[in-house]
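Keep the viewer open as you read.

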Amino acid sequence: MEIKYLCFLLYVVVDMSENLKIYDGDLPVNDITNKWYEEFKNSNYGAIITFVGVVRDENNISGLSFDIYEPILNNWFNTWQQKAKELNAIVLMAHSKGDVLNHQSSYIAAVCSPKRRVALELIDEFVEDFKASAPIWKYDIINNEKKYALNRSTKINGAGLLK
Amino acid sequence: MVKIEFLGPIKKESMQVEINNLNELSEILIQDSELIPWLENSAVAVNDILVANKNHPLENGDKVSLLPPVCGG
């Protein structure tokens, strides 16, 4: 009984880490997206949509840097996994922590769904909610210094509780 | 004791305080003028769950996190 329980726990941990991955530095986009495609192409999902975020060269930055608070990111992602499951879909995500230079990728999100319309709507909601709620902080790298991108950041719902 | 941690760009070491709810935490933190802008724009989590009630009770061993505005991607 105890061994079964441990196996279940192990399965949960492995399952979560497979669908949400954090990388040090830029994302190996080809490896990640190919792996997802190979893993899910035979699962009878009619639609697999991948969104790849690439760092733009603008405002004199040489790149971006990211801090992540993983416990709440995991909770947020699990809520999305549940929401997708209710639609017979799954969500996948990879994100960088640390520095990512211009023209490299820091973020990939994907949805696999039996239905095209569900996949298109879900990827939109998933990416937008990610931008508004996922506990990740962005810094511009300019002249090797990091500056918090406050003016591009979004307050999380309920912000200001302690003021 | 309750552990308070300041996430992301809030450059402040975590601290331990003796408090019973978030109201009491607010009264302590507003004494620090450098923190006031962060108090206005940060969300609050207790034991990694976001909370919306300032009367949220706190117990010995709880962890409170301040989450400033986010921008992943």
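In chain A, residues 24 or more positions apart account for 75% of the contacts with a separation of 6 or more. A contact here means that two C-beta atoms, placed from the backbone, lie within 7 Å. This is a predicted model: local features need pLDDT of at least 70, side-chain atom pairs count only at pLDDT 80 or more, and totals for chains, interfaces and linings use all residues. Residues are numbered from 1 along each chain as its sequence is written, while chains are lettered from A and ligands numbered from 1 in the order in which they are written.

The model scores ipTM 0.95 and pTM 0.90. Chain B averages a pLDDT of 97 (the predictor's confidence in each residue, from 0 to 100). In chain B, 100% of the residues score at least 70.

Chain A holds four helices and seven strands. These are DSSP runs, numbered from the N terminus: helices are H or I with at least four residues, strands E with at least two. Their order from the N terminus is α-β-α-β-β-α-β-β-α-β-β. Of the 163 residues in chain A, 32% are buried. Buried means 20 or more other C-beta atoms within 10 Å of the residue's own, with C-beta atoms placed from the backbone.

Take Val100(A), in strand S4 (residues 90-101) of chain A. Why is Val100(A) classed as buried? Because 25 other C-beta atoms lie within 10 Å. Val55(A) is 45 residues away in sequence, yet 7.5 Å away in space, C-alpha to C-alpha. Leaving aside neighbours within four places in sequence, Val100(A) contacts Gly25(A), Asp26(A), Val55(A), Gly63(A), Leu64(A) and Ser106(A).

Next, the core. The largest nonpolar core has 59 residues. Such a core is a set of buried Ala, Val, Leu, Ile, Met, Phe, Trp, Tyr and Cys residues joined through C-beta atoms within 7 Å. Among the members that touch the most others are Met93(A), Phe126(A) and Val44(B). Beyond four places in sequence, Met93(A) contacts Leu20(A), Phe77(A), Ile108(A) and Ala109(A).

In H1(B), Leu22(B), Leu25(B) and Leu29(B) are buried. They cover an arc of only 50 degrees around the axis, so they sit on the same side of H1(B). The arc is taken from the directions from the helix axis to the C-beta atoms.

Finally, the interface: 25 residues of chain B contact 32 residues of chain A. H1(B) gives the largest share of chain B's side, four residues.

Conventions: Buried ≥ 20, exposed ≤ 12 C-beta atoms within 10 Å, placed from the backbone.
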